[in-house]
Number of protein chains: 2
Amino acid sequence: MTDTSPDLLFRALADPSRRALFERLCMDGEQTVGALTAGAGISQPAVSKHLGLLKQAGLVLDRHEGRQTHYRAQQRALAPLVDWTGRMNRFWEARFDDLEDLLKRMDQ
Amino acid sequence: MTDTSPDLLFRALADPSRRALFERLCMDGEQTVGALTAGAGISQPAVSKHLGLLKQAGLVLDRHEGRQTHYRAQQRALAPLVDWTGRMNRFWEARFDDLEDLLKRMDQ
DNA sequence: GACACTCATAACTATATGGTTATGGGAAAA
DNA sequence: TTTTCCCATAACCATATAGTTATGAGTGTC
């Protein structure tokens, strides 16, 4: 559950408002919905919906305390993204190596 | 021009069809639109549109040769993504360090 | 208990988006 | 030149999405 496919992550982070919320949680730590709404240029329900999607994507965790909900970033959730970019780079380098091999063989 | 904001990248990679096209280009190297269309489960115009978006995001480059267009991945384009995830992790670690400091100071 | 506050959900709207078929432009083949 | 082929664009459609306002559920405060 703490692990998510790249698809959900990319989709969740594709929206600027959502990415901004996540960035704020990463930078400033845990915050209530109210605090997050102040500063986001959108209404509180919009913020709540975005937080719901981020939570579903595993990017944030929530904690209920009295009548307010605190959200915080789950930084581990970014791992699949790092893996994916790493894989793409490795593919690319592998093809590059093949090309080098080919050129070397052609050179002889 | 070869550098793009994370926004375009996230949006471009959020769609599964588009991400699959990019992955194929990373894995198998340069390919024509026809080759890419075969295997993608969508029509040729759809593929062309996706490739257009990937190109606009700086993720692919195209090369015209006769009547066919070859696309290839521009792997450097992923750099802003790597930077972004790295920045988020750094923020997180910084806050973690602050917490550690606080706990240490409280411990004395 | 009555009221106030915080957040989530419902209901709705407008736009963005991903797909389709139809068509056109340019290069190769006949 | 005519025809064929490859790709991009146009026009269109259905759905997804991001926003809004209204409301409700749960919790503290008076």
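Student: Which element gives the largest share of the surface near DNA strand D?
Tutor: H4(B) does, with 6 residues. Helices (H or I, at least four residues) and strands (E, at least two) are DSSP runs, numbered from the N terminus. This is a predicted model, in which local features need pLDDT of at least 70 and side-chain atom pairs pLDDT 80 or more, while totals for chains, interfaces and linings use all residues. Residues are numbered from 1 along each chain, with chains lettered from A and ligands numbered from 1, in the order written.

Student: How many residues of chain B are in contact with chain A?
Tutor: 22 residues of chain B touch 21 of chain A, where contact means C-beta atoms, placed from the backbone, within 7 Å. H5(B) gives the most to chain B's side, 8 residues.

Student: Why are E2(B) and E3(B) called paired?
Tutor: Pairing takes at least two DSSP bridges; 6 bridges join E2(B) to E3(B), so the two strands, which run antiparallel, count as paired.

Student: What lies between E2(B) and E3(B) in the hairpin?
Tutor: There are 2 residues between them, and B:Gly66 in the turn has a positive phi of about 60 degrees.

Notes. Two residues are in contact if their C-beta atoms, placed from the backbone, lie within 7 Å.
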